[in-house]
Amino acid sequence: MQTRNLSYLLAPWVPHTPHRTLREMRLDSRSVLLDDLFVAVHGHSTNGHHFISQAINQGAAAVIAETTEKRNHGKINHIQGIPVIYIMNLSHCLSAIAGRFYQNPSQKLTLIGVTGTNGKTTTTHLLAQWVQLLGYASAVMGTLGNGLYGKLWLTKNTTDSAVDVQRTLRSLFNHGAQLVGMEVSSHALTQHRVAAIHFAAVAFTNLSHDHLDYHENMQNYEYSKWKLFSQHQVGQIIINSDNPVGNKWLKMLPSAVYVTTKSDKVKGFKKWLQAIKITYYDDGASVYFNSSWGNGCIDTNLIGSFNISNLCISLATLLSLEYPLDMLINTAGQLQPITGRMQTFSVLNKPKVVVDYAHTPDALEKVLIALRHYCKGALWCVFGCGGDRDKGKRPLMGKIAEQLADIIVITSDNPRNEDPYHITDEILSGLLTPGSAYVMIDRTQAISYAIRQAQLHDVVLIAGKGSENYQIFSTQNVSYSDLNLVLHLLRTLN
Ligand SMILES: Nc1ncnc2c1ncn2[C@@H]1O[C@H](COP(=O)(O)OP(=O)(O)OP(=O)(O)O)[C@@H](O)[C@H]1O
Ligand SMILES: [Mg+2]
């Protein structure tokens with residue numbers, strides 16, 4: 001295959017490189033095998049240049065290495081007879097090089113990129129489920145893994161590296177995927193990981209406080225997301241106007257699809273979708289909507305107004321890609337809630353328990369507001385915050401829990417390298433009356449306490465980890481699952 005010949009592959013960037021037949025492209029030297037192309041970039045925490053010798057010893061046929069100096073661009077060194085080619089700002093063009101290597105799979109399937117602080121996993125999974133119900137093969141890439149829908153393999157990041165994204169898309173295409181829903185994280189946008197990807201549609205859910213350890217302030221964070229809508233190859237653009245940032249962006253995106261669950265009149269947009277009436281039930285909701293594609297009503301078993309927003313974004317996205325309205329309406333009721341997101345356990349004569357992945361102030365607020373609707377007794381909130389990550393959200397989450405829940409149990413999430421008591425103290429600093437909250441560092445103990453003490457009509461929210469099956473202490477992943485623990489407790493509770 002021509003694209004797997006070094007000389008042809010690099011021609012747009014460096015002319016006259018030697019001919020070498022390449023097997024795979026690898027960013028991690030440990031996974032290099034005979035005849036691979038090793039890519040040495042300056043990463044966030046590691047410098048790939050340190051691993052060039054290891055990659056060559058493992059059989060790399062060639063190496064491309066990042067240089068920040070213009071005079072070194074195109075330089076070719078040989079180490080043990082293996083060409084090492086220097087490319088200026090390699091991380092910026094890596095997505096394009098990998099795209100050429102894997103024959104630009106994003107142009108061959110319908111790829112939908114979803115970005116925003118919360119709702120990416122939910123929306124991408126709804127999109128994939130929905131088209132599957134219409135009879136198409138679909139796939140997802142994101143927090144819960146990559147793969148054909150229902151056959152996911154786990155991944156380390158919400159959005160993979162520039163090389164892995166292209167490789168995965170190629171593999172999904174080869175396995176027959178017709179539509180792929182991809183979560184696009186702000187880290188990935190900042191690090192150019194999807195720079196050369198072609199998106200048939202991109203959707204924005206919302207923006208609120210998160211990841212400020214990385215982006216430093218909300219302006220940088222917003223700008224990283226805005227890049228997807230302003231600097232990438234995209235077809236349809238779908239924006240949630242209920243979010244202030246989305247509303248602001250819509251003024252600069254007149255051809256975007258305007259999505260809202262509010263009653264204000266939609267003006268000046270050719271493509272739009274508006275939920276005009278939402279009726280909530282104990283096990284879901286009915287959503288009446290008007291849109292530029294027609295009007296209708298969908299029944300859903302998703303819980304919470306934020307999920308209605310995710311559902312409307314998914315519906316508008318599929319309509320903008322010309323999936324038929326009547327078929328979408330007919331199948332909506334079969335969409336299943338996403339694992340670990342508002343996953344509800346209702347057992348006869350026991351309190352209702354909800355496991356949710358809320359790990360930002362906005363998500364915790366939305367979830368508690370939604371659950372109040374279903375709660376006739378006391379609303380419990382068991383949560384913690386991750387260590388070594390955005391510390392600013394800790395007091396904010398404490399404050400929200402105090403305002404919206406009746407009983408708070410503060411516990412550990414993934415403490416990583418921090419003292420768990422230090423994290424809980426920072427959460428407590430956001431409470432007006434910190435003495436009213438229970439602090440139980442051991443997550444199993446905290447959840448057991450809440451579920452055992454809760455009364456029949458109480459609702460116990462267990463927030464932060466969703467379907468994760470580990471807790472991170474120091475750098476160790478320890479096997480642990482909120483979902484399994486809740487099931488066990490509900491089975492054994494007298
Ligand atoms: N539209 C929304 N607005 C606010 N909160 C939401 C929304 N959708 C989901 N959430 C909350 O955020 C949590 C995470 O949802 P989801 O996994 O879909 O988000 P995500 O954007 O993929 O998050 P991550 O960045 O961790 O991958 C949910 O469990 C819920 O608490
Ligand atoms: Mg996600």
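Predicted model: local features only at pLDDT ≥ 70, side-chain atom pairs only at ≥ 80, totals over all residues.

Residues are numbered from 1 along each chain as its sequence is written, chains are lettered from A and ligands numbered from 1 in the order in which they are written, and side-chain values use heavy atoms, with hydrogens and water left out.

Let us start with helix α14, residues 420-428, where helices are DSSP runs of H or I with at least four residues, strands are runs of E with at least two, and both are numbered from the N terminus. In α14, Ile423, Thr424, Ile427 and Leu428 are buried, and buried means under 20% relative accessible area, with exposed over 50% and partly exposed in between, for a 1.4 Å probe and protein chains only. Why do they lie on the same side of α14? They do so because they cover an arc of only 140 degrees around the axis, taken from the directions from the helix axis to the C-beta atoms.

Now to the rings: the whole structure holds nine aromatic pairs, counted for Phe, Tyr and Trp (its six-membered ring) when the centres lie within 6.5 Å, with planes under 30 degrees apart called stacked, over 60 edge-to-face and the rest tilted. Tryptophan 226 and tryptophan 249 form a tilted pair, 5.2 Å centre to centre with 50 degrees between the planes. Tryptophan 226 lies in helix α8 and tryptophan 249 in helix α9, so this pair ties together parts that are 23 residues apart in sequence. Both tryptophan 226 and tryptophan 249 are buried.
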